[in-house]
Amino acid sequence: MEQRLQKIIADAGITSRRKAEELMLQGRVSVNGQVITQLGSKADVARDHVRVDGKLLRGPGRHIYLLLNKPVGYVSTVSDPERRPTVISLLRGVKERVYPVGRLDYHSSGLLLLTNDGALANLLMSRASAIPRTYHVKLEGRPEPSALAKLEQGIVLDGRRTAPARIRLLAEREKPWYEITLTEGRYHQVRRMFERLGQAVVKLKRVRIAFLSEEGLAPGHFRHLTAAEVNRLRNWKGVG
Ligand code: URA
């Protein structure tokens, strides 16, 4: 079956479709030995030899799906120019090249999905999927309830309104803990939302992704998702 090259590259788990287009424009993608820079070009992975940086893409191989409980002090990228430890270094015994689905900041902890299934990763990261992610945050001080209500309704970040969020108080302290559930994952979104209220986030932990929780998963440990869990994510419609 012929498909656009950027889709083939994204589905192989190399990178997103948009980044795949950049790779093409940079002349790093070839089909049957010929460099292809035309963005609409198609190929058939089962028949053609598609290479990125000279490396042959296999047809759809074994997809794996991992749920990691990331500790503080790891970057959620495959490599780090500052040579800080990466989440990939925690995946002992995993031979496949997997990629984090979205990011958790270096100073954040909690649940992170990793996979080599580019199609599912792109689906989960798309705004349309609206997968809820729940965080526990410790704040420097106590925001006004009316200010929290505004955050829930949505505020403008980078010129675009945030989707409705749910916030509840978990522990009433001088530095209180809140739970916040978002259905989108923008850059440093939780930290930036609370900072808008003048409250710095001093701890941030992702405790749920859709129906997946950290139950039984100690910090630094990971597990494979079951086939049923993968299907549930693939068919996510906001239930469960
Ligand atoms: N929002 C943030 O600000 N940081 C994270 O790590 C995750 C969500």
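The model is predicted: local features need pLDDT of at least 70, side-chain atom pairs count only at pLDDT 80 or more, and totals for chains, interfaces and linings use all residues. Residues are numbered from 1 along each chain as its sequence is written, and side-chain values use heavy atoms, with hydrogens and water left out.

**Ligand site**

- The ligand is surrounded by L104, D105, S108, Y135, H188, Q189, V190, R191 and L204 (a residue counts if one of its heavy atoms lies within 4 Å of the ligand).
- This shell is made up of 4 nonpolar, 3 polar and 2 charged residues (Ala, Val, Leu, Ile, Met, Phe, Trp, Tyr, Cys and Pro count as nonpolar, Asp, Glu, Lys and Arg as charged, and the others, Gly among them, as polar).
- Helix α5 (residues 189-196) gives the most to the shell, with 3 residues (helices are DSSP runs of H or I with at least four residues, strands are runs of E with at least two, and both are numbered from the N terminus).
- Domain 2 (65-127 + 214-234) and domain 3 (132-209) both give residues to the shell, so the ligand lies between them (domain bounds come from an automatic or database domain assignment).

**Contacts with the ligand**

- A polar side-chain atom of D105 lies 2.7 Å from a nitrogen atom of the ligand (a polar contact is a pair of N or O atoms within 3.5 Å).
- A polar side-chain atom of S108 lies 2.8 Å from an oxygen atom of the ligand.
- For H188, a backbone N or O atom lies 3.2 Å from an oxygen atom of the ligand.
- The ligand taken alone exposes 240 Å², and the protein buries 95% of that (accessible areas come from the Shrake-Rupley method with a 1.4 Å probe).

**Second largest pocket**

- The second largest pocket has a volume of about 190 Å³ (on a 1 Å grid over the protein atoms alone, a pocket is an open set of points with protein on both sides within 12 Å along at least five of seven lines; points are joined across faces, edges and corners, and a volume is the space filled by probe spheres set on them).
- Of its 13 lining residues, the closest to the centre are P132, R133, T134, R166 and T181 (lining residues have an atom within 4 Å of a point).
- Strands β10 (133-139) and β14 (177-182) are the elements that give two or more residues to this lining.

**Largest cavity**

- The count comes to 1 cavity of 30 Å³ or more (a cavity is a set of points where a 1.4 Å probe fits but cannot get out).
- The lining of the largest cavity has 8 nonpolar residues, 1 polar and no charged.
- β9 gives the most to this lining, with 3 residues.

Key: A polar contact is a pair of N or O atoms within 3.5 Å; within protein, one must be able to donate a hydrogen and the other to accept it, and residues adjacent in sequence count only if both atoms are side-chain atoms.
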